[in-house]
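Let's take a walk through this protein, one region after another.

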Amino acid sequence: MSTNNQSSKILYPKGSQWRKWDLQIHTYLDPNWRWPSGYPNGNDKQEERIKKFNSDFIKHCDNLNLNIVAITDHNTGEAVDGLIKENKQQSDKITLFPGVEVVSTEGTHILIIFNPDEKLRNRWSTWRETIDHFLTAIFTEQPRFEQKNGRNTPCNASVSIDAIIQKSKEFYALTIFPHVLSDGGIFNCNSRTRKRVLKLCNILDLACSLADLQNKILEIDNKLKGQQLNPEYFSYINTSDSRRISDIGRRFTWIKSNPTFEGLKQIIYEPKDRVKIQENDPEPLKGSYSISSIKVSNANINKNLTIKNIKIPLNLNLAAVIGGKGSGKTALLDLIANCYPDKIDSSNKNSFVNRIFSEGQNLITNIVFLNQEKFTKKLIESKFVTGSDIEYIPQGQIENKIGNTKEFHNFLQNLIFKSDKVENSTAYFDYRENEKNKKDIKDKIEKLNQEIFTIETQTRNENKENIDRQLKLKESEKIDIQEKINSTKKLFTKEKLNEVNKFQRELTVFKDRRDKLSNLNRLIKGTLEKFIEVEDLNKDIKIIKDLTDELKLKNVTVRAIKYKDIKNQIEIIQKKAIQELSTINKNIEESQNKIGKLQKDKKEYVVLLNKLKGIDRAINSLKSKQENILEFKKSLSEKVEKRWALYEQLLNTYLLLRKKYKEIIDVFSKDAHEILTGVEFKSSLIFDFENFAKIGEDILDLRTFRESKAQKVSLLESEFLKDTINAIEKLIESKSNNPEIGKLTEIIKQKIADLLKIKKSTRTNEHLYEWLFGDYLSLNTETYFNGVYLEKLSLGQKCTVLLKVYLAQGENTIFIDQPDDNLDNEFIMNELVSAIRKAKLNRQVVIASNNANLVINSDAEQIIVAEYKNGKIVYTMGAIEEPTIKKKAIHILEGGRIAFEAREKKYGFK
């Protein structure tokens with residue numbers, strides 16, 4: 001009879017998904033029903049007509065992708081059984097809910113949707129009988145229809161709205177107020193009754209077009225507020241209220257749930273998040289590399305541990321993995337993370353992958369992505385998903401990150417910068433440009449430090465005496481080379497030179513003639529090829545002449561072109577040119593050989609001349625060095641000034657980076673403010689005084705600061721650098737730029753000469769410059785939670801901040817393993833639940849947790865139950881409304897039963 005009987009098999013393992021529902025559909029039993037043309041007509045055709053209606057009804061719903069419908073005829077359930085039977089014959093294409101529409105004594109219409117489970121009490125052999133017994137319970141002996149204008153018009157029930165709702169609960173049915181703004185709607189009964197019964201039923205049917213939707217919602221909101229009721233507690237749906245087949249599904253509601261009665265009840269508990277009235281599927285767009293399914297196979301780890309081969313379809317919103325200790329929650333998350341680079345820390349002893357790595361080498365993980373791409377990996381293979389990434393927070397990582405405040409700041413900053421929206425922002429581009437500029441400035445300062453040190457060294461070491469000594473050596477070497485040149489020059493006589501020149505001239509003539517002969521040959525070749533075209537032309541002329549003669553055309557004469565003599569002459573020229581070209585090439589070869597023999601002595605002469613030139617250059621260079629000692633000093637002064645200017649630029653760039661970082665924080669927080677509620681970030685500068693002092697104490701002789709031999713003075717405590725440190729502190733706190741930078745550089749300028757004097761003998765000037773002009777600044781993320789600075793937060797508050805940042809950070813799938821270890825229920829309910837609800841709209845979220853508040857109140861679309869039975873890990877999955885899943889969740893989750901009951905009592909429905 002029903003398509004929704006419960007069985008041991010979970011029909012919807014992927015959990016709650018958006019589906020089309022139409023919960024007010026009338027059939028041919030309605031007095032205002034209009035039959036389509038072409039239907040069988042007449043009393044004798046009634047059975048045939050109903051059979052065709054049932055078939056067309058199911059096909060029509062299927063064609064519209066209408067997944068769930070409720071049959072709600074007035075005061076009768078006679079059409080329900082036939083439709084359910086037809087639906088079964090058509091392979092259960094849709095989900096059918098038995099229902100009925102009644103009118104209370106106040107004149108208010110009410111839809112009654114029955115739980116289709118036939119095993120419940122108050123169920124008869126057919127739905128016609130079950131609904132008839134319900135109607136009998138709310139009617140007196142009066143008939144349920146009366147004759148008006150030749151039609152059976154439905155009568156009102158004999159009891160009030162309250163009584164009908166109460167009787168519906170006895171029949172395990174759910175009530176809806178249909179077309180609430182019409183004459184028979186709930187808002188047309190008296191105010192006192194309306195306020196009372198709206199606390200009993202929170203599903204309101206607008207029954208309006210999409211064009212009127214916003215106005216209707218606003219009107220109903222105002223009416224509810226006028227009754228001191230919160231509109232957020234009410235589910236607004238839309239129905240077709242059909243009176244013909246073509247009207248079915250013309251108005252519908254998207255509901256995120258299983259297509260079951262328990263699924264329908266979710267809109268009572270989650271009235272705003274589970275219901276949408278719009279044309280298109282409300283499923284938020286997720287990244288194409290969101291995970292559609294995971295499959296684990298070959299998972300026989302050892303005799304005590306096996307994972308059942310299973311394919312897990314993964315919900316794109318929030319999937320919660322629950323289970324007892326050692327049940328396999330972490331195992332599932334870890335195996336997925338193992339498919340991505342740098343997600344499994346080899347030092348993490350809690351990692352499931354690390355624990356089974358030696359025994360589970362053949363375990364295979366298969367991932368199918370939303371875009372249908374697939375990835376397969378054996379446990380030990382060194383291959384990873386390359387087209388996308390995930391965020392993975394293993395168990396215990398949150399505590400590790402928040403232990404050190406400085407590391408926690410850096411970690412938060414990295415998370416912010418990894419955000420997709422940040423990376424695509426103008427502020428991020430500007431920040432990166434300033435980062436490049438900063439690096440360029442630092443490189444230039446480092447180079448100037450080296451150049452300044454080099455010049456200082458040169459001006460000390462390259463004195464005039466040293467240069468004179470080098471000059472004398474080079475001049476002596478020059479004399480020796482000159483004597484060798486004179487000796488070689490005698491061997492290379494004038495007669496030999498003249499002979500070489502003669503052969504060079506001959507060689508030039510030969511090469512020139514060879515080039516001309518080569519050009520002549522190329523021209524002849526091209527010309528001879530054209531004679532072939534002339535031959536073809538003469539053939540055409542012959543044909544023309546023959547046709548002319550045949551036609552006896554008068555005064556027309558045509559002759560062939562004579563070319564053979566010219567062709568013969570050209571061919572003769574070609575032969576002569578080829579012969580002479582061969583002779584010329586031999587002449588060239590002979591001339592080159594003669595020149596090579598004569599030039600042997602000349603080459604040695606040239607080598608000596610080149611050596612002489614090198615010595616001359618060296619002499620000139622030494623003379624220039626001697627002359628340039630003054631220039632070095634001038635250059636040194638310029639480079640020192642340039643370094644000061646760059647150092648000021650570096651400091652100013654940090655102030656710009658702080659400003660840009662603030663803009664980046666604003667970008668990160670803008671669209672995620674609901675997730676980051678209570679969390680505030682501020683950008684600031686930090687100067688690493690500790691490192692500055694450590695390096696300085698290694699370079700400077702601090703004994704000069706001591707008043708006695710026994711006294712030890714820290715560089716940061718010395719009076720010598722007190723004004724420098726104060727200037728740095730004012731700079732990083734200052735909101736302006738140049739004034740504080742100028743004060744700092746002036747102080748350092750005055751100190752640098754004294755610092756050079758107290759430098760250790762084992763350290764160079766360059767060491768001191770690198771220390772003094774080093775980069776000790778960094779950007780810091782000041783984090784506040786509910787107005788309290790990070791360092792003053794409790795462990796639970798720090799965990800909450802980090803989790804919120806993780807959730808707001810990007811759009812990639814995020815896996816979080818047991819985040820509630822350090823959180824109490826107050827934090828989970830007040831802070832984390834709302835953040836997860838918002839985050840899952842933008843990204844796929846998978847959380848392993850046994851905290852009922854986290855799982856249930858975050859409205860997990862899918863629950864994956866991990867169980868360890870007889871040495872085997874087994875996973876069962878489905879929606880929160882799935883009875884099998886709910887039963888397991890109540891048993892496993894801490895405070896599970898209380899959380900479910902609290903959720904159900906929230907809107908007065910048990």
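Two strands count as paired if DSSP finds at least two bridges between them. With that in hand, look at strand E12 (residues 291–297) and E15, which run antiparallel and are joined by four bridges. One of the spots to look at is Lys295, whose bridge partner in E15 is Lys311. Keep in mind as you go that what you see is a predicted model.

E12 and E15 belong to an open sheet of four strands, which come in the order E15-E12-E17-E18 with antiparallel pairing. At the edges sit strand E15 (310–313) and strand E18 (374–378), each of which pairs on one side only. From one strand to the next, the twist averages 15°. There's a helix to find here too: helix H8 (residues 329–337) packs on the sheet and touches E12, E15 and strand E17 (364–369). The direction of H8 makes about 105° with that of E12.

Follow the chain on from E18 and you come to Val385, in the loop between E18 and strand E19 (391–393). Is Val385 buried or exposed? Its relative accessible area is 5%, so Val385 is buried. Setting aside neighbours within four places in sequence, Val385 is in contact with Cys339, Tyr340, Pro341, Phe369 and Phe375. Phe357 is another story: 28 residues separate it from Val385 along the chain, and their C-alpha atoms are 19 Å apart.

Next, the other sheet. Here seven strands form an open sheet in the order E7-E4-E3-E2-E1-E10-E11, and the pairing is mixed. The edge strands are strand E7 (173–176) and strand E11 (275–276), each pairing on one side only. Helix H1 packs on this sheet, touching E1, E2 and E3, and its direction makes about 145° with that of E2. Helix H2 (residues 80–89) packs on the sheet as well, touching E2 and E3, with a direction at about 165° to that of E3.

On one pairing, strand E1 (residues 17–25) and E2 run parallel over three bridges, and Asp22 has Val69 in E2 as its bridge partner. To get from E1 to E2 the chain passes through helix H1 (residues 46–63), and this β-α-β crossover is right-handed. E2 also pairs with strand E3 (residues 95–103), again in the parallel sense, over four bridges. There, Ile71 stands opposite Pro98 in E3.

What about the nonpolar cores? The largest one has 107 residues, and those with the most contacts inside it are Ile664, Leu700, Trp771, Leu802, Leu807 and Ile863. Helix H17 (residues 600–670) gives the most to this core, with 13 residues. A second, separate core has 59 residues, including Leu96, Leu135, Ala173 and Ile217. Back to Ile863 for a moment: leaving out neighbours within four places in sequence, its contacts include Ala320, Ile322, Met877, Ile880 and Ala889.

Gln818 lies in the loop between strand E23 (814–817) and helix H23 (825–839). Gln818 counts as buried because its relative accessibility is 18%, and the cut-off for buried is under 20%. Apart from neighbours within four places in sequence, Gln818 is in contact with Lys329, Thr330, Gln395 and Ala848. With one of them, Gln395, there is a side-chain to side-chain polar contact of 3.2 Å.

Arg837 is in helix H23, and it is buried too, with a relative accessible area of 18%. Which residues does Arg837 touch, not counting those up to four places away in sequence? They are Glu270, Asp273, Asn857, Ser858 and Asp859. The side chains of Arg837 and Glu270 are joined by a polar contact of 2.7 Å, and the side chain of Arg837 makes another with that of Asp273, at 2.2 Å. Lys85, by contrast, is 752 residues away from Arg837 along the chain, and the C-alpha atoms of the two are separated by 40 Å.

Conventions
Residues numbered from 1 in each chain as written. Predicted model: local features only at pLDDT ≥ 70, side-chain atom pairs only at ≥ 80, totals over all residues. Heavy atoms only, no water. Core = buried A, V, L, I, M, F, W, Y, C linked by side-chain atoms within 4.5 Å. Buried < 20%, exposed > 50% of the residue type's maximum accessible area, 1.4 Å probe, protein only. Helix = DSSP H or I, 4+ residues; strand = E, 2+ residues; numbered from the N terminus. Contact = heavy atoms within 4.5 Å. Right-handed = clockwise from strand over helix to strand, strands pointing away. Polar contact = N/O pair within 3.5 Å; in protein donor to acceptor, adjacent residues only side chain to side chain. Axes fitted to C-alpha atoms, helices over the stretch in contact; angles between N-to-C directions.
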